[in-house]
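Here's a quick tour of one structure, starting with a single residue and ending at the ligand. Have the viewer open as you read.

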Amino acid sequence: MDKDKILVSASILGCDLANIESELNRLESAKADFVHFDVMDGVFVDNISFGLPVLKAAKSKTSLPFDVHLMITDPENYISEFAKSGADIITFHSEATDDIKGCIDLCRQNGCKAGLSIKPDTPAAEVFPYLDLLDMVLVMTVEPGFGGQGFLRFTLEKIRDIRNKADELGLDLDIQVDGGISDKTCCEVKENGANILVAGTYLFRSDDMSKAVESLK
Ligand code: DX5
Ligand code: ZN
């Protein structure tokens with residue numbers, strides 16, 4: 001993707017799940033670029049969200065692409081199934097697997113883009129060896145597990161380091177940020193090199209979702 005174009009991925013963890021179809025319609029009308037689908041297993045993070053059947057159901061109700069964020073241990077066991085259930089981009093955590101390269105290969109073999117994520121305390125250098133193999137790096141700007149948390153400013157430096165490294169290597173890498181993103185925090189992440197902004201609470205609690213999407217760009 002063009003890293004100079006800002007894209008918005010809407011985390012449906014923050015939506016009214018009992019009315020997922022109308023929430024997806026709302027996102028389409030508001031011109032969100034992706035549906036961000038947070039999968040939590042209660043092991044890698046202290047929370048359980050939703051998984052394959054919900055992805056399949058949601059996918060059938062919208063033409064928006066699905067950006068699936070796997071917060072699960074051993075993602076290699078599930079990547080193929082998430083791809084088959086409708087994921088367009090699959091992002092897994094570096095802390096969750098011993099086989100990062102294998103996971104990237106699985107995403108590709110199943111026709112998906114590949115993203116690698118790091119938690120706030122994981123050093124930026126963890127992703128450096130894989131940058132040329134990846135479509136996207138997701139820098140968590142809160143501890144993964146829950147929506148509605150406060151943005152962690154110390155993660156800005158890592159976004160900058162990853163963008164600098166990608167530029168040095170001549171890569172048009174997407175850098176996504178996730179957690180506490182709003183009109184108040186979006187400028188700093190963009191200035192430091194992020195180009196795909198995930199937002200849940202901010203979008204779904206806004207009175208005018210189109211304006212909220214626009215305010216992030
Ligand atoms: C947190 C999830 C996020 C979360 C973002 O673990 O990965 O995608 O839904 O929610 P907000 O925008 O409310 O911080
Ligand atoms: Zn997420």
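## A buried serine

S117 counts as buried because its relative accessibility is 0%, where buried means under 20% relative accessible area, exposed over 50%, and partly exposed in between (1.4 Å probe, protein chains only). You'll find S117 in strand 5, residues 113-118; helices (H or I, at least four residues) and strands (E, at least two) are DSSP runs, numbered from the N terminus. Its side chain makes a polar contact of 3.4 Å with the side chain of H93. A polar contact is a pair of N or O atoms within 3.5 Å; within protein, one must be able to donate a hydrogen and the other to accept it, and residues adjacent in sequence count only if both atoms are side-chain atoms.

## Ground rules

This is a predicted model: local features need pLDDT of at least 70, side-chain atom pairs count only at pLDDT 80 or more, and totals for chains, interfaces and linings use all residues. Residues are numbered from 1 along each chain as its sequence is written, chains are lettered from A and ligands numbered from 1 in the order written, and side-chain values use heavy atoms, with hydrogens and water left out.

## Out in the loops

P129 sits in the loop between strand 5 and strand 6 (136-140) and is exposed, at 56% relative accessible area. P129 and K101 are 28 residues apart in sequence, with 9.8 Å between their C-alpha atoms.

Two non-glycine residues have positive phi. K31, with phi near 65°, is in the loop between helix 1 (20-29) and strand 2 and is exposed at 61%. D74, at about 50°, belongs to the loop between strand 3 and helix 3 (79-84) and is partly exposed at 37%.

## Around the ligand

Ligand 1 has 20 residues around it, and the closest are S11, D38, G145, D178 and T201; here, a residue counts if one of its heavy atoms lies within 4 Å. By type, the shell splits into 8 nonpolar, 10 polar and 2 charged residues, with Gly counted among the polar ones. Strand 2 gives the most to the shell, with 3 residues.

Which atoms lie 2.8 Å from an oxygen atom of ligand 1? A polar side-chain atom of S11 does, as do a backbone N or O atom of G148 and a polar backbone atom of G200. The protein covers 98% of the 380 Å² of accessible area that ligand 1 has on its own (Shrake-Rupley method, 1.4 Å probe).
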